[in-house]
Each structure stands twice: as C-alpha cells, then as structure tokens.
Amino acid sequence: MLRKQEIIRLLKETAFDSKEYWVVSGAAMVLYGIRDTTRDIDLGCTTPMADELENKGYPVEALPDGSRRIVFSETIELFENWIEGQAVLLEGLPVVSIDGLLRMKEKLGREKDLNDILLIKEHFLTC
C-alpha cells in the first residue's frame with residue numbers, strides 16, 4: 001500500500017511534465033488526505049504524453065472509448081485524457097479537483113467508487 005509521501009516520491013522520480021499528466025482516483029484521495037493509502041497510482045495524461053510513452057515501448061491497451069491505458073510501472077498506470085473538471089496543484093503535483101474527482105467516481109459507478117464518494121463528501125463536510 002502506498003502512503004502520501006511515497007506517492008509524491010514516486011511521481012517526482014518519473015520526471016513527467018506536470019502539464020501533461022494529473023493524479024486521479026485513489027492516489028488523489030490520499031494526496032487530499034481523504035484516505036491513508038492506495039494500492040496504485042492512476043494518472044490521466046494528454047494524448048502527446050500517451051504517444052510518447054507508447055513510442056518508448058511501454059505496454060498499451062486500447063480502451064472501448066478509443067483512449068489508451070499505459071502501464072508505466074508496477075504501481076503507475078496512465079489513462080489517456082481521463083479527467084473531469086480540471087487539475088489543481090497539490091503538494092507540487094497536478095491533481096484532479098475535488099469536483100472532478102467526484103464526477104469521475106460517479107461515472108465509474110462501481111460499488112467501491114460509490115463508497116469513495118461518501119468518503120470524499122464526509123471529509124469535506126467535516127473539514
């Protein structure tokens with residue numbers, strides 16, 4: 001399980017251009033302090049960044065909507081153009097906004113995402 005400081009360290013080690021990617025899903029929840037840990041780091045990225053990673057030979061999977069999923073490492077996956085709303089800087093990293101995170105979780109609609117929506121709302125109602 002990855003904690004906040006490890007997420008920050010791993011992302012800084014990638015040296016990705018902060019204008020080309022953003023943190024989403026569970027890792028975003030950890031960076032916001034909503035959760036203590038996450039299993040992996042999901043990122044959204046621009047098409048040029050997805051192209052670059054594919055050209056470098058990282059494993060790529062075409063998704064039903066035509067976008068791509070790229071496996072960067074055991075713990076980091078990137079999803080082409082996956083974002084709702086916009087990214088904000090948090091801990092020096094681009095992270096999907098809370099509103100965007102909620103919308104992304106609502107669209108996914110899985111049981112774990114519905115539980116995450118409750119956690120997000122509880123966290124920000126009590127802060």
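This is a predicted model: local features need pLDDT of at least 70, side-chain atom pairs count only at pLDDT 80 or more; totals for chains, interfaces and linings use all residues.
## An aromatic cluster

Ring pairs tie Phe 16, Tyr 21, Tyr 58 and Phe 72 together into a cluster. Searching the whole structure turns up 5 aromatic pairs. Take the pair of Phe 16 and Tyr 21: the ring centres are 5.6 Å apart and the planes meet at 65°, so this pair is edge-to-face. The cut-off for that label is an angle over 60 degrees. Both partners, Phe 16 and Tyr 21, are buried.

## Leu 53 and its contacts

Which residues does Leu 53 contact, leaving aside neighbours within four places in sequence? They are Phe 16, Tyr 58, Ile 70, Phe 72 and Leu 78. Among these, Phe 16, Tyr 58 and Phe 72 also belong to the aromatic cluster.

Leu 53 sits in helix α3, which covers residues 47-55. Its relative accessibility is 4%, so Leu 53 counts as buried. Leu 53 and Leu 78 are 25 residues apart along the chain, and 9.6 Å separates their C-alpha atoms.

## Helix α4

Helix α4 spans residues 98-108. Its buried residues are Ile 98, Gly 100, Leu 101, Leu 102, Met 104 and Lys 105. Now for the spacing. An α-helix has 3.6 residues a turn, so residues three or four places apart point the same way.

Strand β6 runs over residues 87-90. In which sense does β6 pair with β7, parallel or antiparallel? The pairing is antiparallel, over 4 bridges. Within it, Val 88 stands opposite Val 95 of β7.

The two strands form a hairpin, with 2 residues between them. Glu 91 lies in the turn and has a positive phi of about 55°.

## Positive phi in two loops

Most residues other than glycine have a negative phi. Ala 15 has a positive phi, near 60°. Where is Ala 15 found? It lies in the loop between α1 (4-14) and β1. At 65% relative accessibility, Ala 15 counts as exposed.

Asn 81 is not a glycine either, yet its phi is positive, at about 55°. The loop between β5 (76-80) and β6 holds Asn 81. Asn 81 has 44% relative accessibility, so it counts as partly exposed.

Is Ser 67 buried or exposed? Its relative accessibility is 13%, so Ser 67 counts as buried. The cut-off for buried is under 20%. Yet Ser 67 lies in a loop, the one between β3 (60-62) and β4 (68-71).

The side chain of Ser 67 makes a polar contact of 2.6 Å with the side chain of Asp 65. Apart from residues up to four places away in sequence, Ser 67 touches Glu 61, Ala 62 and Glu 80.

How values were computed. Residues are numbered from 1 along each chain as its sequence is written. Side-chain values use heavy atoms; hydrogens and water are left out. Buried means under 20% relative accessible area, exposed over 50%, partly exposed in between (1.4 Å probe, protein chains only). Rings of Phe, Tyr and Trp (its six-membered ring) pair if their centres lie within 6.5 Å; planes under 30 degrees apart count as stacked, over 60 as edge-to-face and the rest as tilted. A polar contact is a pair of N or O atoms within 3.5 Å; within protein, one must be able to donate a hydrogen and the other to accept it, and residues adjacent in sequence count only if both atoms are side-chain atoms. Contact means heavy atoms within 4.5 Å. Two strands pair if DSSP finds at least two bridges between them.
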